[in-house]
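Hi everyone, thanks for coming along. I have one structure to show you today, so let me put it up on the screen.

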Amino acid sequence: MVDLQLFWSDVKNELSISIQAISYEVWIEKLEPVCFAEGALVLMAISANAKRTIDTRYLDKIKDVVSALNPAVSDVVIITPDKKEEFLSKQSSPEELVSTPRTVAEEKKPNPFLAKYTFETFVEGGSNAYALAACKSVAENPSGGYNPLFIYSGVGLGKTHLLHAIGNFLLKNSPRTNVLYVSADTLINELISMMRSRSVDETVRLREKYNSCDVLMVDDIQFLIGKEATQESFFNVFNDLYHRNKQIVLTSDRSPKDLVTIEERLRTRFGWGLTVDIQTPDMETRVAILKNKAAQMKFDLSDEVAEFIAENATSNIRELEGLLNKIVFYSSLTNHVINTRELAKEALSDFIDDKKETLDAGDVIDAVCKYFKLTPSELMSKSKTKSIVEPRMIAIYLITELLSLPLSQIGDLFGGRDHTTIIHARDKIANEIKTNPRIRIVVADLKNMLLNR
Ligand code: ADP
Ligand code: MG
């Protein structure tokens, strides 16, 4: 029998590759699969208007994908919400869709991973290099030593993307590996059902689901906080897999040691393998990510606009993508080329914070002086005293991060230092942020001060 939800998720996966991201989100993502009726896949659009657009622009494409994935589904019908009941009553019996001719596409397992989240579409930068290398290593050689792999970072920095990339890689290169990806939400619900379900069949099915996997990936494990019974049950699942040398990959918004309210024995186990974090991306990586996303959408993104966006979304890649999507959408709506900083600013005027816009090097220098109780002339001096050198390097780092000034101009600001000195200071602090919690906190405080003035 063809599972409606799974089938639709496969179709969407294919469509997300061939339809522009913004159109995909506006039109395809909002379609709801209703049923199979008389051999057709019935999809509900949110309104009559949406139906009209989808019928004219996307229906043929959807039909192509559907028939390639399952030739027994001979048609696709888009309906409006008022027709839903009528179609549900015409629903085909599941048997009608069983005897489908076998095709190559059908023999594939349904792919629960988003096609757009792969290693190829993940842009490497200093902020994520370790995490990326660890994920590739696990994908190429599950249970090869990094077990569990624990990835943590703030929101929107690529954890889910990396899990899907591992999944896509394994399905493609090692299709016999049984990969299970669950959000913490699903995990919690299923663990509860396992403990409390009245139906023995259901309990057995769920146990089997977790026991039989070769790779278990749980996204956002911090949601187990405060759920003692579920933690206990997950402890058993974890141990069972771990002792049978099955690979476990977990993500969280904080490190294992900071999951303070999670039971001690589970928390220590999380740290048994390899723990990697993803930092906020630097300016260069943000620009590279934007260029990559733009290329995927076949949008011609100028350097100036990429830099403008990267200056205005510094701590979250989802936000970065959001601004790019708005530029793409705005330019396709108005048919105007947006290739300068001014035009980008106009297009995004409702979404970006003016404060960031007006930030200049002087503000950064003032903030750093205030923070370290130095005068600007001390900060800019040639002094080699540690209590001045470090704040100076932090000021340089923040200027390269938050503003897009040419390095030589930054050098001039700091008393005619040359650009290699500026690069050295920037990279030194970027490294310190990774290894030195004190510097990380100082930089985060200063960023906060500057961006939330
Ligand atoms: P998280 O799970 O950490 O909250 P996601 O994996 O959902 O973050 O990432 C948010 C968005 O940013 C996704 O669309 C993802 O594709 C994108 N993204 C994050 N890191 C990168 C990267 N290094 N290269 C390309 N896209 C990235
Ligand atoms: Mg996520």
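I'll go from the overall layout of the chain to the surroundings of the ligand. Please keep in mind that this is a predicted model.

Let's start with the layout. The chain is split into four pieces: domain 1 (4–106), domain 2 (129–278), domain 3 (283–353) and domain 4 (361–451). If you take the centres over C-alpha atoms, domain 1 and domain 4 are 55 Å apart.

So where does ligand 1 sit relative to domain 2 and domain 3? Both domain 2 (129–278) and domain 3 (283–353) contribute residues to its shell, so ligand 1 lies between them.

Now for the shell itself. Ligand 1 is surrounded by 19 residues, and the closest are Val-123, Gly-156, His-161, Arg-318 and Glu-321.

Val-123 uses a backbone N or O atom, which is 2.8 Å from a nitrogen atom of ligand 1. The side chain of Asn-128 places an N or O atom 3.3 Å from a nitrogen atom of the ligand. With Tyr-117, a side-chain N or O atom is 3.3 Å from an oxygen atom of ligand 1.

How much of ligand 1's accessible area does the protein cover? On its own the ligand has 550 Å², and the protein covers 95% of that. As for the elements around it, helix H8 (159–173), helix H13 (283–296) and helix H15 (317–334) are the ones that each give two or more residues to the shell.

That's my tour, and I'm happy to go back to any part of it.

Technical notes. Residues are numbered from 1 along each chain as its sequence is written. Chains are lettered from A and ligands numbered from 1 in the order in which they are written. This is a predicted model: local features need pLDDT of at least 70, side-chain atom pairs count only at pLDDT 80 or more; totals for chains, interfaces and linings use all residues. Side-chain values use heavy atoms; hydrogens and water are left out. A residue is near a molecule or strand if one of its heavy atoms lies within 4 Å of it. A polar contact is a pair of N or O atoms within 3.5 Å; within protein, one must be able to donate a hydrogen and the other to accept it, and residues adjacent in sequence count only if both atoms are side-chain atoms. Accessible areas come from the Shrake-Rupley method with a 1.4 Å probe; for residues, only the protein chains shown count as cover. Helices (H or I, at least four residues) and strands (E, at least two) are DSSP runs, numbered from the N terminus. Domain bounds come from an automatic or database domain assignment.
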